[in-house]
Amino acid sequence: MIAVKRLATDMIELLFPELCNACGTHLYYGEKQICTKCLYDLPYTDYHLHSDNRVAKQLWGRLPINAAMAMLYFRKGTKVQNLMHSLKYKSQTDVGLRLGNLLGDKLKLGEAYQDIDLIIPVPLHPKKERLRGYNQSEFIADGVAEILDVPVSKSHLLRDKSTESQTKKARYTRYENMQSVFNVNDKEQLEKLHVLLIDDVITTGATLEACGNALLNAGIKKLSIAAIAFAE
Ligand SMILES: [Zn+2]
């Protein structure tokens, strides 16, 4: 029976070969989502080993963080952009889990990330999540959680739906608007916790700043930040 199942799986793979989400070549048996060559070649930052990295520096003075990092450099027209595109626009949520696993492997080696109590993904705009059908950062968070063996919460940090329309009015600057977008539920459960906030790609840091401040105002003990990529 097992042999039959294996044969069926092999047939399906022969007929519909899985492709590497980074370079588009056929995956070999045992490879998942990303081929071995791409895994080796991706532009890793090693920011998990350096507390004064560019992601952390970008947030200094804006958000009191324990540590912050992103695993890869994000540049247009590269394999990293292909991966993020698969995850965000092609429903390849397994890519999120896989990248989350890789991110977890890095964090395990970073001194600043050893005592994390809870992982929280950055909530997506409710409208965007409805359109896409999922929040890509949740899959990344699940992937990290598998490696670090830490729980994930998708219910404590929420985007306020009522502020949706405010983004259309030009009444607030982007910054002021962001600050009021995030709400924290069940604050007492977060007290004294070291929270790891997970994002997909860091650009200006405005979203992380707003999320992080909401969590710190809610009384968490320590805030760390990790993302898959950093747009230079
Ligand atoms: Zn590849």
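Trainee: Which residues of helix α4 are buried?
Mentor: In this predicted model, helix α4 spans residues 79-89, and its buried residues are Val80, Leu83, Met84, Ser86 and Leu87.
Trainee: Where do they fall, seen down the axis of α4?
Mentor: They fall within an arc of 155°, so the buried residues line one face of the helix. In general, an α-helix has 3.6 residues a turn, so residues three or four places apart point the same way.
Trainee: What covers the buried residues of α4?
Mentor: The covering elements include the strands β1 (67-74), β5 (194-202) and β6 (222-231), together with the helices α5 (93-109) and α7 (136-148).
Trainee: And what is the phi of Ser91, which follows α4?
Mentor: The phi of Ser91 is positive, near 55°.
Trainee: Changing topic: which protein donors does the zinc ion have?
Mentor: The SG atoms of Cys20, Cys23, Cys35 and Cys38 are the donors, lying 2.3 Å from the zinc ion. Along the chain, the donors follow the spacing C-x2-C-x11-C-x2-C.
Trainee: What is the geometry of the site of the zinc ion?
Mentor: The site is tetrahedral, with angles of 102 to 115° among the four donor atoms. For reference, the ideal angle for four tetrahedral donors is 109.5 degrees.
Trainee: What does the pair Cys23 and Cys38 tie together?
Mentor: Cys23 lies in the loop between α1 (2-15) and α2 (36-41), whereas Cys38 lies in helix α2, so the pair ties together parts that are 15 residues apart in sequence.
Trainee: Is Cys38 buried or exposed?
Mentor: Cys38 is buried, with a relative accessible area of 1%, while Cys23 is partly exposed, at 34%.

Conventions: Residues are numbered from 1 along each chain as its sequence is written. This is a predicted model: local features need pLDDT of at least 70, side-chain atom pairs count only at pLDDT 80 or more; totals for chains, interfaces and linings use all residues. Side-chain values use heavy atoms; hydrogens and water are left out. Donors are N, O and S atoms within 2.8 Å of the metal (3.2 Å for Na, K and Ca); water is not among the atoms, so sites may look incomplete. Four donors count as tetrahedral if all angles lie between 85 and 135 degrees; four count as square planar and six as octahedral if opposite donors are over 155 degrees apart and all others between 65 and 115; anything else is irregular. Helices (H or I, at least four residues) and strands (E, at least two) are DSSP runs, numbered from the N terminus. Buried means under 20% relative accessible area, exposed over 50%, partly exposed in between (1.4 Å probe, protein chains only). The arc is that of the directions from the helix axis to the C-beta atoms. Contact means heavy atoms within 4.5 Å.
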